[in-house]
Amino acid sequence: GRIQGLGATQVTNAGATLQDPDGTQVIFLPGAAEKPFRASLSSVPQLSFLEGSAGKDLLDAAKAIPSNLLNAKSPFYSLDVRGEAPNQSIWLLPIPNDSEPYETLDLYTWDSQAASWEWLPHNIIVEDDQIEARVSGAPESAMVMQTNPIPAVVSADLATAAELPASGQGALGQLHPTGLYLGGNGAIDGALDAQFDRM
């Protein structure tokens with residue numbers, strides 16, 4: 001279920017810090033708010049979020065993660081602002097366990113209006129074990145994601161009888177023979193040497 005923060009905090013011109021039990025903080029600096037507003041920070045454990053037990057609105061967010069590109073690594077942090085949003089907020093999130101290499105960590109916010117994940121600019125401060133995002137406004141949520149590395153693809157044109165150099169033999173994963181094509185009923189048509197005859 002959803003873990004609620006301890007009620008809403010009144011944020012005045014003096015600023016305020018909201019804190020989740022796991023150490024995540026949302027900081028409103030003095031002067032960030034033109035008028036006082038109320039804000040609360042809550043979190044949903046990563047597993048509840050991904051399996052959809054945290055509610056229909058968050059299930060949409062979980063389903064929208066492009067799983068071939070991103071893996072959720074942290075709880076889903078939700079920021080509820082009542083009143084006029086401040087012009088800036090600072091998010092400090094602990095670096096999740098088992099998330100090396102840190103270079104592949106990213107911070108995203110779920111924009112429920114646009115129904116899409118948006119990247120948040122951030123710094124990873126390894127020595128403090130924190131991810132810091134100084135953002136304009138107050139994003140309604142934040143979640144640490146890990147980018148899946150996309151394997152490099154290299155292609156080369158080879159003559160029919162060519163032999164791969166020894167150093168490249170372990171790298172060949174696919175062959176696309178020219179001169180062959182897919183025929184009408186799924187059969188392979190054409191001839192491998194058709195193009196070489198014309199050369």
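In this predicted model, one aromatic cluster is formed by Phe49, Phe76, Trp110 and Trp117. The structure holds five aromatic pairs. A pair of aromatic rings is described by the distance of the centres and the angle of the planes.

Phe49 and Trp117 make up one of these pairs. Their ring centres lie 6.3 Å apart, and their planes meet at 80°. Planes over 60 degrees apart count as edge-to-face, so the pair falls in that class. Phe49 belongs to helix H1, residues 46-51. Trp117 belongs to strand S9, residues 116-119.

Phe76 lies in strand S6, residues 76-82, and Trp117 in strand S9. The pair thus links distant parts of the chain, 41 residues apart. Phe76 is buried, like Trp117.

A separate set of contacts involves Arg38. Arg38 sits in strand S4, which spans residues 37-44. Its relative accessibility is 38%, so Arg38 counts as partly exposed. Leaving aside residues up to four places away in sequence, Arg38 touches Ala8, Thr9, Gln10, Asp80, Val81 and Arg82. With Gln10, the side chain of Arg38 forms a polar contact of 3.0 Å to the Gln10 side chain. Val11 is 27 residues from Arg38 in sequence. In space, the C-alpha atoms of Arg38 and Val11 are 5.8 Å apart.

Key:
Residues are numbered from 1 along each chain as its sequence is written. This is a predicted model: local features need pLDDT of at least 70, side-chain atom pairs count only at pLDDT 80 or more; totals for chains, interfaces and linings use all residues. Side-chain values use heavy atoms; hydrogens and water are left out. Rings of Phe, Tyr and Trp (its six-membered ring) pair if their centres lie within 6.5 Å; planes under 30 degrees apart count as stacked, over 60 as edge-to-face and the rest as tilted. Helices (H or I, at least four residues) and strands (E, at least two) are DSSP runs, numbered from the N terminus. Buried means under 20% relative accessible area, exposed over 50%, partly exposed in between (1.4 Å probe, protein chains only). Contact means heavy atoms within 4.5 Å. A polar contact is a pair of N or O atoms within 3.5 Å; within protein, one must be able to donate a hydrogen and the other to accept it, and residues adjacent in sequence count only if both atoms are side-chain atoms.
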